[in-house]
Amino acid sequence: MMPDLGKYGLEVNSSYVLSLLALAVIIGLYAKRSRAVKRDLAAMEAVHDA
Amino acid sequence: MNNRSIAPTFWDRFWRLANPKVFMGWSGRALPWVAAAAGLFLCSGLIWGYFFTPDDIRQGSTVKIIYLHVPAALMAINGYLLMFVGALVWLIRRQHVSVLAAKAAAPVGMVMTLIALATGAIWGQPMWGTYWVWDPRLTSFLILFLFYVGYIALWAAIEDEDTAADLTSVLAIVGAVFAMLSRYAVLFWNQGLHQGTTVTMADGAQQDNISNVFFQPLLLSMAGFGLLFLTLLLIGTRTEVRSRRLKVLQARERME
Amino acid sequence: MIQLFLRDVGLSVRSGGGFGLALIFFLIVVTLIPFALGPDQTALAVIAPGVLWLGALLACLLSLDRIFGLDFEDGTLDLLATSPLPPEAVYIAKAAAHWLTTGLPLALAAPVLGVLLNLDFEIGKILCLSLLLGTPALSLIGAFGASLTLGVKRGGLLLSLLVLPLYVPSLIFGAQAVRLAGQGLAYDGALVLLSAISLGAAAILPFASGAALRINLR
């Protein structure tokens with residue numbers, strides 16, 4: 001399954017792991033902030049409309 | 001009868017997005033599709049590239065890093081271009097959606113720059129024998145990273161939203177001019193180890209350009225990164241639009 | 001505008017005005033380098049152009065928040081904003097004053113300090129020239145950065161963060177010119193580009209800073 005990366009396995013794999021990690025972090029941060037603000041806004045608008 | 005004045009052109013429809021409500025409506029509908037497409041292209045590009053491509057004669061398996069490095073680098077530049085345009089539109093037309101899009105684009109662009117730098121350094125180590133070289137392209141990316149950090153820091157440092165929008169936009173525009181200047185300065189300063197244009201449509205006649213075997217998964221990966229950027233841009237801008245509305249409501253409440 | 005320029009120069013030269021501080025800082029940095037990197041004379045001569053340029057650059061950086069900061073704090077800047085003098089002119093006057101009291105002295109002092117780093121005096125003259133051509137850009141860019149961070153409390157670090165990437169082209173061309181001269185190669189191309197940056201900054205940044213000042217003084 002795993003391709004034979006020869007002697008560069010560490011470099012290739014660390015590149016992929018770090019990059020995917022960085023992407024996961026930024027996606028997670030954006031999603032989290034989006035949810036928090038959505039929630040706060042909904043709460044605020046409920047009070048506001050009431 | 002003058003029909004041409006009735007039918008909306010692409011740009012007419014585009015500018016309607018400046019209205020927050022219209023933007024939220026459109027982006028909300030588009031988001032699932034863009035996100036799904038991003039996932040599709042990114043996965044297929046990276047999986048194909050990682051598992052199903054051969055090694056390069058000279059670079060061995062490290063050539064697989066190209067599927068991360070090149071798209072990330074493109075998005076890093078793209079991010080700054082977007083910030084530049086958003087800043088310009090804000091200063092000229094004072095439409096919040098555009099400057100909030102610029103604000104949302106910045107962290108993503110910064111992360112892309114980091115990925116490009118990190119993968120570049122990791123790739124460089126076995127190829128050039130060192131993690132860091134003051135090569136024109138790498139150096140330009142380091143400067144680009146610093147520009148991103150400065151822009152984000154300035155947004156964070158100023159309390160009033162509109163003032164922050166104004167000042168960061170001025171910074172983005174001056175920064176873009178200097179970024180281009182830096183590019184040429186750094187080229188002058190060091191002719192560099194980086195090869196010329198990697199991705200051209202030329203045939204395999206030129207030794208330094210990559211062949212089709214590598215090119216197709218690269219295209220998929222580039223599309224994937226691009227769509228991911230767009231996804232995060234939409235999510236981020238929507239968050240900023242909501243955040244702004246939230247602040248307005250909070251301010252109103254404090255006054256009552 | 002001339003009056004503002006003269007006033008700022010005068011303020012800076014008076015005691016407590018910070019005039020000598022940039023020079024002292026420059027001296028300290030240059031003396032620290034051999035401690036950090038070892039006293040090998042040939043090695044020092046090689047790095048001297050870069051170190052001296054960097055030292056001058058950092059010394060410039062330190063005095064940047066004084067450009068607008070003091071006047072902002074005591075309300076003078078608001079007064080200037082209501083005067084018939086346009087913000088662009090305020091910026092130019094203040095950037096010029098900064099250069100006269102910081103950039104120029106640093107440029108003149110550099111060859112002298114170069115002696116500490118075993119820099120050949122002939123090369124030192126080129127160094128002086130490159131700094132004379134390059135420090136206007138540093139003052140102009142620095143004043144631009146100061147105009148952006150005007151309202152930010154403790155904005156010094158942010159100011160450095162914004163300004164340093166913008167300093168890079170000047171640093172590259174300036175130090176490179178001196179290095180090329182040291183190797184006996186043609187260095188006028190680098191000096192021309194260095195001057196171009198200073199001129200370009202003088203052409204564009206007044207408008208950008210004027211805008212920033214207007215925004216901050218609303």
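Start with α2(B) and select what covers its buried residues: α1 (9-49) of chain A is part of that cover, together with α3, α4 and α7 of chain B. The helices named here are DSSP runs (H or I, at least four residues), numbered from the N terminus, and strands are runs of E of at least two. The model is predicted, local features need pLDDT of at least 70, side-chain atom pairs count only at pLDDT 80 or more, and totals for chains, interfaces and linings use all residues. Residues are numbered from 1 along each chain as its sequence is written, while chains are lettered from A and ligands numbered from 1 in the order in which they are written.

**Chain B, helix α2**

Now select the buried residues of α2(B): B:Phe23, B:Ala38, B:Phe41, B:Leu42, B:Gly45, B:Leu46, B:Gly49 and B:Tyr50. A residue is buried if 20 or more other C-beta atoms lie within 10 Å of its own, exposed if 12 or fewer, and partly exposed in between, with C-beta atoms placed from the backbone.

Where does α2(B) kink? Go to B:Ala30, where there is a kink of about 40°, shortly before the proline B:Pro32. The bend at a residue is the angle between axes fitted to the seven residues ending there and the seven starting there. From its first C-alpha to its last, α2(B), with 33 residues, reaches 44 Å, close to the 48 Å expected at 1.5 Å a residue. That expected span is 1.5 Å times one less than the number of residues.

**The rest of chain B**

Of its 256 residues, 44% count as buried.

Next, go to B:Arg94 in the loop between α3 and α4 of chain B. B:Arg94 has a positive phi of about 55°, although it is not a glycine. B:Arg94 counts as partly exposed because it has 13 C-beta neighbours inside 10 Å.

Move to B:Leu219, which lies in helix α7 of chain B. It is partly exposed, with 14 other C-beta atoms within 10 Å.

**Where the chains meet**

Show chains A and B together. Among the 2 pairs of chains that touch, this pair has the most contacts. Two residues are in contact if their C-beta atoms, placed from the backbone, lie within 7 Å. The contact takes 32 residues from chain B and 25 residues from chain A. On the chain B side, α2 (20-52), α3 (66-93), α4 (96-128) and α7 (212-255) each supply at least two residues. By class, that side has 18 nonpolar, 9 polar and 5 charged residues. Ala, Val, Leu, Ile, Met, Phe, Trp, Tyr, Cys and Pro count as nonpolar, Asp, Glu, Lys and Arg as charged, and the others, Gly among them, as polar.

Now show chains B and C. Here 22 residues of chain C are in contact with 22 residues of chain B. On the chain C side, the elements that give two or more residues are α7 (121-148), α8 (156-182) and α9 (188-216). The largest share, 11 residues, comes from α8(C). This side of chain C divides into 19 nonpolar, 3 polar and no charged residues.

Then show chains A and C. No contact joins them, and their closest C-alpha atoms lie 23 Å apart.

**Chain C**

Select α7(C). Of its 28 residues, 24 are buried. A kink of about 35° lies at C:Gly134, shortly before the proline C:Pro136.

Which residues does C:Leu191 contact, leaving aside its neighbours within four places in sequence? They are C:Leu129, C:Ser130, C:Leu133 and C:Ala177. C:Leu191 lies in helix α9 of chain C and is buried, with 22 other C-beta atoms within 10 Å. C:Leu191 and C:Ser130 are 61 residues apart in sequence, yet 6.4 Å apart in space, C-alpha to C-alpha.

Last, go to C:Asn118 in the loop between α6 and α7 of chain C. C:Asn118 is not a glycine, but has a positive phi of about 60°. C:Asn118 is partly exposed, with 17 other C-beta atoms within 10 Å.
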